[in-house]
Amino acid sequence: MLTTYPFVGLVTLSRGIRMRGFMRIVRFLWKDFEPCFKLLNPDRNEEILLPVLNHGINFKLGEKYCVGYFKNGSLRPCPRRAKIERGSQCELCKKLDEYLPCVKCDGSYCLLPSRRAVCKEEVYHVYLATFGNILKVGISRDKRLKQRLVEQGCDFGAKIATIKDGRIARRVEQKIRGILDIKDRVRGAEKTANFLSSPETGMKLIRDAVAKLKTTLISKYLVPPQFYDLRSYYNIVDVKPKFVELSPGARVRGCVVSAKGNLLVVKSESDYLGVNAKELVGYEVET
């Protein structure tokens with residue numbers, strides 16, 4: 001049973017949601033370009049979708065539990081209900097998860113043969129994205145590109161290639177990474193350090209990269225770049241947040257004034273705190 005509360009502001013929240021007791025954070029996601037936590041009430045087996053941008057949160061962190069594994073597109077519960085210290089999955093669920101092998105793929109060989117036939121028929125986009133002065137390359141399934149860019153919290157993105165077959169798309173991605181000497185993953189702390197960005201810097205990074213790729217063998221895959229400016233989705237505040245590490249017993253309390261990918265900027269009584277929302281996943285919280 002999924003109870004979804006509408007994205008209509010603090011009045012609806014204060015009247016419609018008075019959560020008390022213990023819940024478990026099982027997912028952080030951008031639903032319809034709105035950042036949300038999915039909370040589970042273990043006693044009732046009921047899930048609540050809680051929007052966070054411009055809302056107050058007050059979580060006291062308890063123990064952390066494995067959230068389960070993905071199979072056939074849905075999240076399955078952990079067979080062992082295992083307690084964990086970091087991440088969001090136990091070792092068993094990592095092995096059972098059908099999503100993780102595709103995340104680790106670099107195109108050299110297929111890590112999930114059972115899905116290879118589907119992968120060969122899927123259309124992927126190769127993109128470049130910027131986080132301040134950091135440039136990264138990545139791939140996204142067709143029709144999820146803009147959503148993917150927002151989920152990562154990049155300032156600017158550009159679709160530069162469209163390729164059928166995920167394995168080939170991964171190969172092209174890794175060749176671009178090598179040619180440009182750039183990242184294919186950006187850590188939360190790096191995103192925090194580059195929270196405030198210059199539009200001129202981001203656009204120049206992408207344009208210069210595309211110009212260089214046009215002089216290489218990769219040029220045969222390139223399409224005219226399609227640019228995305230994602231900054232309007234994040235409600236950026238003109239401050240540099242202080243990145244905080246999370247652990248059992250900590251309390252996350254304040255108003256979420258910005259949400260940029262996984263990074264939440266929480267205005268507390270005395271400071272602006274940077275919280276990696278993905279690190280909250282798995283925690284049992286007292287609300």
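This is a predicted model: local features need pLDDT of at least 70, side-chain atom pairs count only at pLDDT 80 or more; totals for chains, interfaces and linings use all residues.
**Ground rules.** I number residues from 1 along each chain as its sequence is written, and my side-chain values use heavy atoms, without hydrogens or water. Local features need pLDDT of at least 70 and side-chain atom pairs pLDDT 80 or more, while totals for chains, interfaces and linings use all residues.

**Sheet.** I began with the open sheet, where four strands run in the order E9-E8-E10-E11 with antiparallel pairing; strands are DSSP E runs of at least two residues, numbered from the N terminus, and two of them pair if DSSP finds at least two bridges between them. Its edge strands are E9 (134–141) and E11 (222–229). Between E8 (residues 123–131) and E10 (residues 156–164) I found eight bridges, and Tyr127 sits opposite Lys159 in E10.

**Helices.** Next I looked up H6 (residues 166–180) and H8 (residues 199–213), whose axes come within 11 Å and cross at roughly 105°; helices are DSSP H or I runs of at least four residues, and axes are lines fitted to C-alpha atoms over the stretch in contact, with angles from 0 to 180 degrees between N-to-C directions. Contact here means heavy atoms within 4.5 Å. H6 brings Ile176, Ile179 and Leu180 to it, and H8 brings Ala209, Lys212 and Leu213.
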